[in-house]
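Have a look first, then follow the questions.

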Amino acid sequence: MKTTLTIRDLAKRLNLSVSTVSYALNDGPKPVSDDVRKRVLAAADELNFRPNRLAKSLAMGKTHVLGVVPPSLGFDLLFSPFLQRSLNAVVNEAERHCRDLMLFTASDRMATSSAGVDLVDGRIDGAILIAPNENSPILARLEEARLPFAIACSSSILHGPCFHTDNYAGTRLGLDHLLRLGHRRIAYIAGRCDHVDGAERLAAFECVMAENGLEVPAGFVLHAEFTREIAKVQARRLIAGGDLPTAILCSNDDSARGVYDAFSEAGIRIPDDVSVVGFDDNPQCEMWTPALTTTVQPIEDLIRLAFQAVMDQIEGKPVASASLAPSFTVRHSTSILIGENHKHETRVHAH
């Protein structure tokens with residue numbers, strides 16, 4: 001029966017102490033001579049010795065693993081285009097930094113007393129939280145444990161560092177576009193208002209509408225919690241009310257997808273009957289029929305900054321939050337309003 005060679009076995013064969021062999025293999029924390037290091041590495045190679053990673057992590061105080069906490073979206077988490085894009089960006093950064101990742105999907109749904117305990121049990125060196133709820137007990141747990149972490153794709157009033165898109169500017173881009181096309185009766189599909197981004201985008205919608213002297217009719221603000229399914233239900237209610245807007249601004253692209261679903265069922269044409277604008281610019285949007293006009297959130301840049309912030313904290317370097325400016329992509333889901341009819345805008349450009 002084949003047995004696994006341990007560091008004690010290696011030390012015994014070389015007539016060295018276990019600690020000396022460990023220092024040679026791990027390049028510290030205490031120095032060893034070049035001759036001893038070469039002997040240890042040569043023997044380890046010859047005997048095909050593989051150090052126990054957990055033991056090494058305990059000895060060095062580092063695991064070289066970062067935790068990733070996605071937003072609490074419930075079932076079918078990985079079907080979310082926003083999350084797919086975010087996780088892909090995290091994986092790319094982990095590759096660049098030679099780090100492994102551990103995905104935590106249940107932490108935010110535990111009881112307050114136990115939320116986040118698994119994040120601070122020594123398995124990870126730091127954590128990246130993607131668009132967390134501002135009131136999540138995980139954030140307080142991480143701060144209490146002094147575990148390096150950063151928030152990506154969301155702003156935060158109470159916690160940091162965080163790297164987010166300017167929600168006011170992004171919402172204004174969508175509304176200004178619709179206003180230039182002649183729309184005044186504009187409905188809004190809001191996100192979660194217990195989430196900073198959801199609250200900020202809704203406030204921006206109301207502010208920009210008021211700046212332009214426009215009232216928002218009763219029933220024209222619907223809450224969809226950033227999900228396709230709830231947005232579909234809310235769009236059905238809007239249709240059932242019989243008083244359609246000429247345009248709908250959505251708090252994210254998943255909500256816009258739900259609007260597409262409901263309108264398709266009801267035979268309502270986009271953009272001929274109602275124009276639709278999203279927020280995020282998920283890769284699939286360009287392939288929808290019609291392709292979605294949307295605010296572009298620089299997700300990859302936000303993830304890159306958050307990842308680097310965690311690495312800097314691990315190394316004891318100071319970090320600061322940052323807000324990035326969004327851009328806007330015009331495709332085919334919006335059109336010029338002429339009376340009660342639309343004339344399709346064929347220009348496709350980004351600015």
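**Labels and their cut-offs**

Q: How many disulfides does the structure hold?
A: There are zero disulfides, a disulfide being a pair of cysteine sulfur atoms within 2.5 Å. This is a predicted model, where local features need pLDDT of at least 70, side-chain atom pairs count only at pLDDT 80 or more, and totals for chains, interfaces and linings use all residues. Residues are numbered from 1 along each chain as its sequence is written, and side-chain values use heavy atoms, with hydrogens and water left out.

Q: Why is C250 called buried?
A: Buried means under 20% relative accessible area, exposed over 50%, and partly exposed in between (1.4 Å probe, protein chains only). C250 has 1% relative accessibility, so it counts as buried.

Q: What makes C207 partly exposed?
A: The relative accessible area of C207 is 32%, so the label is partly exposed.

Q: In what order do the six strands form the open sheet?
A: The order is β2-β1-β3-β4-β5-β11, with parallel pairing. Strands are DSSP runs of E with at least two residues, helices runs of H or I with at least four, numbered from the N terminus. Two strands pair if DSSP finds at least two bridges between them. At the edges are β2 (100–103) and β11 (322–324), each pairing on one side only.
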